[in-house]
Amino acid sequence: MIVIPTRLRDCYTIKPKLFSDNRGYFTESFNQAEFQKKTGHQEPFLQDNESFSSYGVLRGLHGQTGENAQAKLVRVVQGEVLDIAVDMREDSPTYLQHHAEILNDVNKKQLFIPRGFLHGFVVLSPTAIFHYKCDNFYHAESEWGIRYDDPSLKIDWILPHAHLTISTKDRALPYLNI
């Protein structure tokens with residue numbers, strides 16, 4: 001695996017090695033020992049989640065707090081998304097900065113998002129299957145988030161607002177008010 005640091009502290013883009021021939025391809029999507037060696041992170045991933053979404057679906061920006069915070073390793077199994085990670089760690093030199101990465105079923109890139117970040121994505125293809133590896137179990141009472149269009153974050157979601165499909169829950173998330 002090739003590990004590329006993003007401009008956000010502890011957040012990495014990961015490109016797995018892909019072996020292709022006339023039959024198709026093979027890739028090792030995750031190797032704990034290599035991941036730990038190249039990133040210094042040793043989170044044991046405890047829960048895998050998968051979502052299916054259509055074009056324009058925007059999910060986020062979400063996270064979990066306290067002892068229920070989650071680090072995530074995310075990838076796209078089918079389709080294409082714009083994936084967003086926002087550093088919400090007040091003691092971080094990259095606090096309130098975000099990283100945007102195109103993840104799709106062709107480039108096979110993954111994004112490692114450490115604890116203390118918010119996460120979201122928007123689907124750019126007709127449909128997308130999105131896979132999350134999490135180092136902690138989901139705990140509904142610890143979930144929190146910020147509005148996807150918070151002006152202080154200055155996130156360019158690429159798609160026109162009229163093309164976005166956003167849940168009632170995500171529309172009700174607060175702004176940072178900075």
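## Basis of the description

The model is predicted, and local features need pLDDT of at least 70, side-chain atom pairs count only at pLDDT 80 or more, and totals for chains, interfaces and linings use all residues. Residues are numbered from 1 along each chain as its sequence is written, and side-chain values use heavy atoms, with hydrogens and water left out.

## The six-stranded sheet

Six strands form an open sheet in the order β1-β2-β10-β7-β12-β5, and their pairing is antiparallel. Strands here are DSSP runs of E with at least two residues, numbered from the N terminus, and two strands pair if DSSP finds at least two bridges between them. Strands β1 (2-5) and β5 (47-54) are at the edges; each has a single partner strand, so one side of each is left without a neighbour in the sheet. From one strand to the next, the twist averages 25°; angles run from 0 to 180 degrees between N-to-C directions, with axes taken as lines fitted to C-alpha atoms.

Within this order, β2 (residues 12-15) and β10 (residues 110-113) are joined by three bridges in the antiparallel sense, and Tyr12 has Phe112 of β10 as its bridge partner. Strand β7 (residues 72-78) pairs with β10 over four bridges, again antiparallel. The pairing of β7 with β12 is also antiparallel and runs over six bridges. Val74 takes part on both sides: its bridge partner in β10 is Leu111, and its bridge partner in β12 is Tyr132.

## The largest pocket

Rolling a probe the size of a water molecule over the atoms shows where empty space is left. On a 1 Å grid over the protein atoms alone, a pocket is an open set of points with protein on both sides within 12 Å along at least five of seven lines, whereas a cavity is a set of points where a 1.4 Å probe fits but cannot get out; lining residues have an atom within 4 Å of a point. Grid points are joined across faces, edges and corners, and a volume is the space filled by probe spheres set on the points.

The largest pocket holds about 320 Å³ of space. Its lining consists of 16 residues, and Asn49, His62, Lys72, Tyr132 and Tyr138 lie nearest the centre. At least two lining residues come from each of β5, β6 (57-64), β11 (117-123) and β12 (127-134), with β6 giving the most, four residues. By class, the lining has four nonpolar, seven polar and five charged residues. In this division Ala, Val, Leu, Ile, Met, Phe, Trp, Tyr, Cys and Pro count as nonpolar, Asp, Glu, Lys and Arg as charged, and the others, Gly among them, as polar.

## The enclosed cavity

One cavity of 30 Å³ or more is found in a search of the whole structure. The largest cavity has a volume of about 50 Å³. Its lining is formed by Gly63, Gln64, Gln70, Lys72, Ile113, Gly116, Phe117, Leu118 and His119. Strand β11 gives the most to this lining, with three residues. The lining divides into three nonpolar residues, five polar and one charged.

## A buried aspartate

Asp83 is found in strand β8 (residues 80-87). With a relative accessible area of 0%, Asp83 is buried; buried means under 20%, exposed over 50%, and partly exposed in between, using a 1.4 Å probe and protein chains only. Beyond its neighbours within four places in sequence, Asp83 is in contact with residues including Val74, His99, Glu101, Leu111, His119 and Phe130, where contact means heavy atoms within 4.5 Å. The C-alpha atoms of Asp83 and Thr94, eleven residues apart along the chain, are separated by 18 Å.

## Backbone features and loops

The peptide bond from Gly60 to Leu61 is cis, with omega near 5°, and Leu61 belongs to strand β6. Two residues other than glycine have a positive phi: Asp10, near 75°, and Leu96, near 70°. Asp10 is placed in the loop between β1 and β2 and is partly exposed at 25% relative accessibility. Leu96 is placed in the loop between β8 and β9 (98-104).

Asp149 lies in the loop between β13 (143-145) and β14 (165-166). Asp149 is partly exposed, with a relative accessible area of 27%. Its C-alpha atom and that of His161, twelve residues apart along the chain, are separated by 9.7 Å.
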